[in-house]
Amino acid sequence: NSGKFLKIIEVHSPISAIIAENTNYKNSNKNIFYDGFWSSSLTDSINNGKPDNESLDISKRLENISRIFDVTTKPLIMDFDSGGRTEHFAVNIKSAERMGISAIIIEDKKGAKQNSLTEKGNKQPQESIMQFCKKIKVGNKNKLTNDFMIIARIESLIMSKPQSDAMKRAVAYIKSGVDGIMIHSKSKSPDEVLIFAKKFRKIKEYDRIPLICVPSTYSQIHDYKLKKAGFNIVIYANHLMRSSVPAMEKISKLILKYGRTYELEKKIASI
C-alpha cells in the first residue's frame, strides 16, 4: 500500500539477515537499503547441504525463519515452492502466517520439484489452471488476516509457452483471489518479462495488483527500469548464498596452501 518499489534480498541464516538489514548505500545524498527478505527454497536447501527438490522439510525452513526473526525487523517473503498437496498447504499456510511471514509465493507446477533455472527446469509439468485456482482458494480460506499475502508465480515462460498462456493464467489466478503475480523467466534477456509487464499493466483494473520479478538470469537490467516497466517488487533471490560459497572455498584453500592463516587475515572479517 505504500506505493514504493521494493527491493528484496535473499537471506538463509540469521547472520546473513543481519548483514542484509544493516546494508545501505548512499547515492546522490539518498540512502538506499533493502526493504525486506526472501527465504529461498534453493538457498535454504544449499545451507543444509541438500538438493533443491523439497527434501528439506518445511518445518526446518520455518525454524530457520524464526531464528532470523529473533535478530531482525524487516518483513519476509517466503518461497513456498508449489505449496505441496492441497491439504498440507492449508496447514502450512497457517504456520507461516502465525510466525509473522508477510507473504508466500507459490508456483504453478506439480509433481517432483525441479529448480526452474536448471537445464531440465522446464521438464516439471505445469499445473492446470483449474487445479491451481483451487489451491489459491484453499489458501485464502485458511488465511488468518487479509494482511497476509499469497502471490502466484507463473512458470509459462520457463516452459517456453507463449505470452498468452502466462496472461491467461494471471487473469484466472487474480479472479481466484491471489494477492500478486510473479512472472518467472530464465531467459538471459529481460525482454519477455518486460513484454508481460506491459500487457499486464494495460488492464486497468490490475493497477493495484503487485507485480514481482526475479532477475537471476537477466541480471543486466537495472532496478529503475523494472520499476518503470510496472514492477512493484524485485527479488535478488540467491546472491548472498552464491557470494558466500566462493569466499569459503578460496579461504579454505589458502589455509592449506600456506599452512597458516597469516596471509589471509586481511581478506576476512576481524575476530
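## Overall architecture

The chain contains 9 helices and 10 strands. Its radius of gyration is 19 Å, close to the 18 Å that the globule rule gives for 271 residues, so the chain is as compact as a globular protein of that length. The structure is a predicted model. Along the principal axes, the C-alpha trace spans about 60 × 45 × 35 Å.

Of the 271 residues, 45% count as buried. The chain exposes about 14,700 Å², and carbon and sulfur atoms supply 53% of this area.

## The barrel

A closed barrel is formed by 8 strands, in the order β1-β4-β5-β6-β7-β8-β9-β10, with parallel pairing. On average, neighbouring strands of this sheet are turned by 25° against each other, when direction is ignored.

Strand β4, comprising residues 36–39, pairs with strand β5, comprising residues 76–79, in the parallel sense over 3 bridges. Within this pair, F37 stands opposite L76 in β5.

Strands β2 (residues 24–27) and β3 (residues 30–33) run antiparallel and are joined by 4 bridges. K26 stands opposite N31 in β3.

The two strands, β2 and β3, form a hairpin with 2 residues between them. In the turn, S28 has a positive phi of about 55°.

Most residues other than glycine have a negative phi.

E54 is found in the loop between α2 (41–47) and α3 (58–71). This residue counts as partly exposed because its relative accessibility is 36%, which lies between the limits of 20% for buried and 50% for exposed residues.

S160 is found in the loop between β7 (149–154) and α6 (163–175). Strand β7 also belongs to the barrel. With a relative accessible area of 65%, S160 is exposed, since a residue counts as exposed over 50%.

Key
Residues numbered from 1 in each chain as written. Predicted model: local features only at pLDDT ≥ 70, side-chain atom pairs only at ≥ 80, totals over all residues. Heavy atoms only, no water. Pairing = 2+ DSSP bridges. Axes fitted to C-alpha atoms, helices over the stretch in contact; angles between N-to-C directions. Buried < 20%, exposed > 50% of the residue type's maximum accessible area, 1.4 Å probe, protein only. Rg over C-alpha atoms; globule rule 2.2 N^0.38 Å. Areas by Shrake-Rupley, 256 points an atom, 1.4 Å probe, with all protein chains shown as cover.
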